[in-house]
Amino acid sequence: MRASRILRSALVLLFGGIAIADLAVAQNLAAAQEKYPTRAVRIVIPYPAGGGTDTIGRLVADQLSRKWGQPVVVENIGGAAGNTGAAQVFKAAPDGYSMLIASPGPIATNGFLYKDMPFDPARWTSIALLATGPYVLVVRKNFEASTVKELVARAKAAPGKITAATPGVGSVGHLATVQLEMLGGIKTTLVPYRGLSPAVNDLIAGHVDLMFDTPTTSLPLHREGRVKIIATGTTERVKEFPDIPTIAETLPGYRSVTWYAMTAPPGMAPALADRINRDVNEILARKEVAERVRGIQMSPVTWPRTTAAKFFGEETQLWGRVIKQANIQPQ
C-alpha cells in the first residue's frame, strides 16, 4: 500500500512536472511571439525589381516596418520562374524572419511545370492573400473580332491562324490562353516571349493578334485606342470597367485572375502566422494603402489565413487541371 502511494506520488510529480515544463515552453513561445519582431525581417520577391509583385511587396514591407518598428528588408532574387528565390525562403527557419511575396508561380503552378522542384509548394505556411486583379483578354487594335463569341468563331474558321502572345511558357498568361482554347474548342498559335513588355510591344505593333494581360498595363492602352480589351477573366464584371464583359458570359466556367500572396516556410507556429496575417490585413485595410493598391488596378484582400489557404488550393487545382488536360509537359 505504501509502495503504491509512493508510486502515485511519483507519477503526479512526474506528469505534473511535464505539465509545468510544457506550460513554461508555451509561455516562452507566447512571449516570443508577443515581442515579434525583435530584429530585421527579410521579405524575398522571387522576380526582378519593377513588376507588380515588387510594387505590392515593397508597399507592404514599408508599412510593416513602420508598424513593427523594425526594418523589413526586401530582396529581389529572380530565376527559374520564381523558384530560385522561393527556395531560399522555403528552407529558412519558420520564425517569421524570412517570408515570401509572390504571384501564383511558386505557390500554385510551378509544381506542375518543373520536374526538379527545389521545394514542395503544398507545404508553404499561408500568411495572407494581399491583392487580386483580373486578367484581361486583349487584341490588336485592328483585330477583326471585338467579342469572345466573334473570336471563337474566327478561330474555328481558321484553326491555328490566330497568334497569341504569352509572357513565357507556364506563366498564368500562357495558361489563361490554354484555358480559353480548351473551353472555346479552338486552337491558336502560341508565341512565347521573354517577359511581358516585349509581348505587349508586339501586340501594339500588330505583330500578334491577342494576349492575356493585367489592366495595369493594358487599360491605359485600351483607353488610348492602341489595343482593344474585349473581355475579363473574372467571374463577374469588374466595377472599374463594367462595360467590358467577362469571358465566362460566353464560355461558362472560365476564370483567370492574377494575385499576390505572402507565405512563410513550413512549420511556422500557427499563432505567429495568425499574428502576421492580422498585421498585414490591418495595413491593407488602411485607406491610403488600399488606394495605392487600387491605383495599379488590383483589389486589396484582408482575408484570414484559412480563407487565403483555401483560395491558394483552388488556384492550384484549377491550373493543375488546365496543365494536365492541355498535356503541358514539365520542363
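Predicted model: local features only at pLDDT ≥ 70, side-chain atom pairs only at ≥ 80, totals over all residues.
Local features are reported at pLDDT of at least 70 and side-chain atom pairs at pLDDT 80 or more, while totals for chains, interfaces and linings use all residues. Residues are numbered from 1 along each chain as its sequence is written, and side-chain values use heavy atoms, leaving out hydrogens and water.

A nonpolar core is a set of buried Ala, Val, Leu, Ile, Met, Phe, Trp, Tyr and Cys residues joined through side-chain atoms within 4.5 Å; buried means under 20% relative accessible area, with a 1.4 Å probe and protein chains only. The largest such core has 86 residues, and Leu130, Leu137, Leu151, Ile247, Trp259, Met262 and Ile276 have the most contacts inside it. Helix H11 (residues 305-325) gives the most to this core, with seven residues. Helices (H or I, at least four residues) and strands (E, at least two) are DSSP runs, numbered from the N terminus. Contact means heavy atoms within 4.5 Å. Beyond its neighbours within four places in sequence, Leu151 touches Leu137, Phe143, Ala145, Ile162, Leu180, Leu210 and Ile230.

Next comes helix H8 (residues 215-223), where Pro215, Ser218, Leu219 and Leu221 are buried. Seen down the axis of H8, these residues fall within an arc of 170 degrees, so they line one face of the helix; the arc is that of the directions from the helix axis to the C-beta atoms. Their cover includes strands S4 (125-134), S5 (136-140), S8 (210-213) and S9 (227-232), together with helix H7 (196-205).

Helix H3 is largely enclosed by the rest of the structure, because six of its eight residues are buried. These are Asn83, Gly85, Ala86, Ala87, Val89 and Phe90, and they pack against strand S1 (41-45), strand S3 (98-102) and H4.

The rings complete the picture. Rings of Phe, Tyr and Trp (its six-membered ring) pair if their centres lie within 6.5 Å, with planes under 30 degrees apart counted as stacked, over 60 as edge-to-face and the rest as tilted. The structure holds ten aromatic pairs. In one of them, Phe90 and Trp124 have ring centres 5.2 Å apart and planes at 90 degrees, so the pair is edge-to-face. This pair links distant parts of the chain, 34 residues apart. Elsewhere, ring pairs join Trp259, Trp303, Phe311 and Phe312 into a cluster.

Technical notes: Buried < 20%, exposed > 50% of the residue type's maximum accessible area, 1.4 Å probe, protein only.
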